[in-house]
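Student: I have a structure open and want to learn how to read an interface. Where do we begin?

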Protein chains: 2
Amino acid sequence: MRTFWERGYEGASLSDLTEATGVGRQSLYLAFGDKQKLYLAALDRYREHFFLPLVEALSGNVDVRVALREAILPLVDGSCADDPRGCFLVAAAAERAGEDSAVRSRVTAAFAGLETALLEAAQRSRAAGLVADTVDLTGWAALTVATIQGMRVMEAGGTDRATLIRALDTALAMLHP
Amino acid sequence: MRTFWERGYEGASLSDLTEATGVGRQSLYLAFGDKQKLYLAALDRYREHFFLPLVEALSGNVDVRVALREAILPLVDGSCADDPRGCFLVAAAAERAGEDSAVRSRVTAAFAGLETALLEAAQRSRAAGLVADTVDLTGWAALTVATIQGMRVMEAGGTDRATLIRALDTALAMLHP
DNA sequence: AGCTTTGTTGACTGGTCAGTCAAGAAAGTT
DNA sequence: AACTTTCTTGACTGACCAGTCAACAAAGCT
């Protein structure tokens, strides 16, 4: 997973993958079929280990703003030091979604899942009186998914931390009652 | 440019490039040096032909909301039918920014340029009384750059048109007086 | 026209690619 | 222990990769 994450689909050779996994070439082929299926498995693993935790973190606090900020800031800080930069799902969307429909459907599903989780977290926050009644939460959820993915692109692209945090905080500030 | 845009850096072979350009292999090497420099030239061409027009479109109407919506909607509609999906700059950020600092600096500069243009356009709109005084325009500009890039990722990832437009419209709605 | 410079062509290089194969080791079964 | 099945290994394949080379054509200049 890490190898595909760091180097992309085309950039990761089978030799890179056997070296990184410590698993022989033929074993990989017997276990996964071919490179594309191995890539999908890596993507699924990323989703499970890095994306779903983010989604679940949204229910960790009554206030979406606190929950989301706490979940996203470490990513922007790069403080998860030994993980590659940027988001594997974003890279997959950019590099492979056009050519591989299995990648596309996983990416679409992941983004939709995040949007739903954001909406529900926002609704819970509203129920707790933490969010203004005037805000269109469905719209806010769509906006916030796009903002998060955009932040991940800009993060990979070298945009400074302050700008990214400002973007996030502005999205969060919308909710203020 | 179109070949790199469609297939990415690693995905576009020199044979693809000579075929697409109609220019011989050696001519490309004499003119550009190597594949990396050719990629940079393609990126510069994209910036000039597709990104700067978007930036300039922001001064095409006193109301940022109208200007931005008119500029972005065609991209989301894919009505620019013969252009590849997604944004070349986003793909470059995801695939190459980590490995090629020249790509990174171009991407960073492009995003920063869009942010500045958004800020100035929003300020002009405010001067015309079209934007609420309470909105933090700097924050809004940062948010909107991230949102646009996120939309481009999600567009490539197969997210439906309606969700993307909703995200954009929510960012625009923030400005309402 | 004769000569220099510039551009073009297609064959070629060493290296790497994804994927396969066959031989051997390990583990499970009776 | 004998045998079958599963897993692992490293050598191998044809294809393709970025980049080079030398022969050739076109154009510019005197």
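Tutor: Begin with charge pairs: two salt bridges are counted between chain A and chain B. A salt bridge is a side-chain nitrogen of Lys or Arg within 4 Å of a carboxyl oxygen of Asp or Glu. The side chains of R166(A) and D136(B) form a salt bridge, at 3.4 Å from N to O.

Student: What kind of model is this, and how are residues and chains labelled?

Tutor: This is a predicted model: local features need pLDDT of at least 70, side-chain atom pairs count only at pLDDT 80 or more, and totals for chains, interfaces and linings use all residues. Residues are numbered from 1 along each chain as its sequence is written, chains are lettered from A and ligands numbered from 1 in the order written, and side-chain values use heavy atoms, without hydrogens and water.

Student: How is the size of an interface given?

Tutor: Often as the accessible area lost when the parts come together. Here chain A and chain B bury about 2,800 Å² between them, 73% of it on carbon and sulfur atoms. That area is taken with a 1.4 Å probe and summed over both parts. L143(A), V153(A) and M154(A) supply 17% of the area that chain A buries against chain B, more than any other three residues.

Student: How many residues of each chain are in contact?

Tutor: Contact means heavy atoms within 4.5 Å. By that rule, 36 residues of chain A touch 36 residues of chain B.

Terms used
Buried area = accessible area lost by both parts, 1.4 Å probe.
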